[in-house]
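Me: I've got a structure open on my screen and I'd like to talk it through. Could you take my questions one at a time?

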Amino acid sequence: MRNNSLLSYNILLAMQSFKRAKSLYFLIILTLSIGVGVLCANLALVNSMASDPIPEKSANLLHVSMNTWPDVQPPDEPMHILRYRDAMKIAESDIPLRTAVFYASGVYARDIESTSMKRFDSRVRATTPGFFGLADAPFAFGTAFDKSRGMEIVIGHELNQKIFAGKNSVGKTLELDGELLTIVGVLKPWIVRPLFYHPTEGRAFDLTDDIFAPLETAIDLGWSIHARSSSSDNYAGVNETRDLNVYYLQAWVELDDIAKKSALQSYLDNYSQQLKDAGGHPLAIKNRLHNVNEWLIEAKVVDQKVLAFTLASILFLSVCIFNASSLLLSRFHAAKFEVGLRRAIGASNKHMMMQGLTESVLLGVFTGVIAVILSWFFLKISVQFLPRLANIAVLEPKLLVLGMFLALITAIASALYPLYRANRYTISAELK
Amino acid sequence: MLKMNNISRIYQSDTIQTHALRDFSLNVGAGEFVAVTGPSGSGKSTFLNVAGLLDNFDKGQYELDGVSVQGLNDSELSRLRNEKIGFIFQNYNLIPDYSIFDNVDMPLRYRGFSSSERKRRVEQALEKVGLASRMKYLPSQLSGGQQQRVAIARALAGEPKILLADEPTGNLDSLMARQVMEILHDLNKEGATIIMVTHDPDQAREVNRNVQIIDGQLADFKIYAPLDRESQSSNQSIASVVSKEVHKEEVDA
């Protein structure tokens, strides 16, 4: 009861103190809010870059890199892109629970029933059916295609919005670069941040694809490769790549038990050894399996510039805290008489400390609210300078909580030295 | 009520050591009204600060209402100040942004009283000094004398064992000074123990005991003979002037 009454009194005193020195507290709040806001905006970017996009099974999803380059001048590290026959060898294995082999492409899409001739530039993932289960793609309507060959597709939420206004388009037919393919599934809004299944070539912050097409169909139709590829053979189109040394497919596997990783590694190594023994390549056996988070690190998804800027914003926040602290020191200095008087009539150092801390916490709450608004604003500005970050410049609820927490901590940190000084005032001297 | 034995207070700067109080001993019994006089720099304020637990002392023993203050921590000293001592300062020391009510309420906030109890005590204290009708006023809306009466009400609200007044009329004109002195005398009559530092020999003469501090020590003689207040016709008339003044203010309010 007594504590509650003192707490409400301290809150009342804090509000009176804010009213008494409005300009000064406005400056303090603004100073801290800018510091916290800038840091929060950066942390939001780092959080989006460094977070686990599929935490429930990221440890069991493995990306396969292999070293089967047929030339004597191999790349330094195993390649993250594979030949068709290497990728198919992985797909044949019964060790993984699921396998996804895919490449990125692009087509122009149009509803054949539409009177408009407008075509939508669409990102395509030409993939084996295992992709959907492996990546936990959420379906709004229909299902995935179940074979790697067939004139069927799954489309993403955005494309469905653009062409069919978000309605159930299962059964509708799209014209894709002159070919007619039927929609068998429509995805819900699907955000994968970072885009773990294709973080290379600067795609880590891309949106999920518009169209998912069966791999063999895409190859047969000659849909071009819209990602990195390497080749030691000449070829005229993708449809010729199955038997050539053209490296463009990526492979992911999902293990139901991570203990099977060594079995998979042996399977890959044996396959590479057999190739080598048959004269397929002259290289050391060097195959790599990375889980999702390892692969994101390998792909250097976290932008070093953003990290450097985050460090700079921590230093900037420190400067803001020093500034706020010096402003608070002047405020507390001006209130020396009141501190002395309160001490004389019976307030203990602890009381005065609690009064100061209550003021700091309230200051932190106000700062937090403004800091969160500013961090949203700073994120928008960041995207103006770094457009590729547009899809990750998101303030998640946990960042809002962090922003409030940071504001509280900085407000309290700013008040610590002034409070320490205020508690060392000699009562009798302040009352003269 | 207040027992000081061989108290010393030494202020030390880089090069100079100043003995503000030197083997200072004083006993004040319950219900006494003691005037403390002495030249400037003699140690009167230091005595009042030590007595009011606003300042430490270096040597000696000090007992306040049966409680030895040596070795008490800050919280214990603060509680003693809050519960047993009421301060009246020369400059009133009211917080200008707070209403009269809030100023008087301040010490009670640290006592843990319920809001109804605080209200009762504040109203009673302001009633006692004739300012019950001005609770919502700000200090700047009151005269100097009225402000000092608010300060007295603040000191009284916690029902302390002893009132320490540091030249309470020092900033007031003679009429207002009389009002304040009358209130202090009334309180003393009701049993309050009061120690008042003053420069005014007339005020010192009015009280039942006065002591002098010279060079940080208690002088072992009395300079002023106490007046018999009841026999002073001038005082009678001043008292009636004060009553009239307070009554007039209440009517005005």
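Reply: Let's start in chain B, where α1(B) is followed by L53(B), a residue with a positive phi near 60°. Helices here are DSSP runs of H or I of at least four residues, strands are runs of E of at least two, and both are numbered from the N terminus. A word on the ground rules: this is a predicted model, local features need pLDDT of at least 70, side-chain atom pairs count only at pLDDT 80 or more, and totals for chains, interfaces and linings use all residues. Residues are numbered from 1 along each chain as its sequence is written, while chains are lettered from A and ligands numbered from 1 in the order in which they are written.

Me: How many of the residues of α1 of chain B are buried?
Reply: A residue is buried if 20 or more other C-beta atoms lie within 10 Å of its own, exposed if 12 or fewer, and partly exposed in between, with C-beta atoms placed from the backbone. Helix α1(B) covers residues 44–51 and is mostly covered. The buried residues are K44(B), S45(B), T46(B), F47(B), L48(B), N49(B), V50(B) and A51(B). The count is eight of eight.

Me: What percentage of the residues of chain B count as buried?
Reply: Chain B's secondary structure comes to eight helices and 10 strands. Out of the 253 residues of chain B, the buried part is 45%.

Me: What share of the contacts in chain B with a separation of 6 or more is between residues 24 or more positions apart?
Reply: Two residues are in contact if their C-beta atoms, placed from the backbone, lie within 7 Å. Taking the contacts in chain B with a separation of 6 or more, residues 24 or more positions apart account for 71%.

Me: How do the axes of α4 and α5 of chain B run: parallel, antiparallel, perpendicular or oblique?
Reply: The axes of α4(B) (residues 115–128) and α5(B) (residues 144–157) come within 8 Å and cross at roughly 135°. Axes are lines fitted to C-alpha atoms, for helices over the stretch in contact, and angles run from 0 to 180 degrees between N-to-C directions. Angles under 35 degrees count as roughly parallel, over 145 as roughly antiparallel, 65 to 115 as roughly perpendicular and the rest as oblique. That makes α4(B), relative to α5(B), oblique.

Me: Which residues of α5(B) make the contact with α4(B)?
Reply: From α4(B) come R121(B), V122(B), A125(B), L126(B) and K128(B). The residues of this contact divide into six nonpolar, no polar and two charged; Ala, Val, Leu, Ile, Met, Phe, Trp, Tyr, Cys and Pro count as nonpolar, Asp, Glu, Lys and Arg as charged, and the others, Gly among them, as polar. On the α5(B) side you'll find A153(B), L156(B) and A157(B).

Me: Is Q141(B) buried or exposed?
Reply: Q141(B) sits in the loop between α4 and α5 of chain B. Q141(B) has 12 C-beta neighbours inside 10 Å, so Q141(B) counts as exposed.

Me: Over in chain A, how are α2(A) and α9(A) oriented: roughly parallel or antiparallel?
Reply: Helix α2(A) (residues 22–50) and helix α9(A) (residues 304–334) have axes that come within 9 Å and cross at roughly 165°. Their contact has 22 nonpolar, six polar and one charged residues. The crossing angle makes α2(A), relative to α9(A), roughly antiparallel.

Me: How far apart are the C-alpha centres of the domains of chain A?
Reply: The domain assignment gives domain 1 (2–53 + 302–430) and domain 2 (67–286) of chain A, with bounds from an automatic or database assignment. Eight residues of domain 1 of chain A are in contact with eight residues of domain 2 of chain A. The C-alpha centres of these domains lie apart by 49 Å.

Me: Which residue is joined to R193(A) by a cis peptide bond?
Reply: The omega of this bond is about -5°. The residue is found in the loop between β7 (179–187) and β8 (211–214) of chain A. The partner of R193(A) is P194(A).

Me: Is A165(A) buried or exposed?
Reply: A165(A) is found in the loop between α5 (157–164) and β6 (173–176) of chain A. A165(A) has a positive phi of about 55° although it is not a glycine. With 8 other C-beta atoms within 10 Å, A165(A) is exposed.

Me: Which element gives the largest share of the side of chain A that touches chain B?
Reply: The contact takes 19 residues from chain A and 19 residues from chain B. On chain A, the elements that give two or more residues are α1 (2–20), α10 (336–344), α11 (349–385) and α13 (427–430). The largest share, five residues, comes from α1(A).
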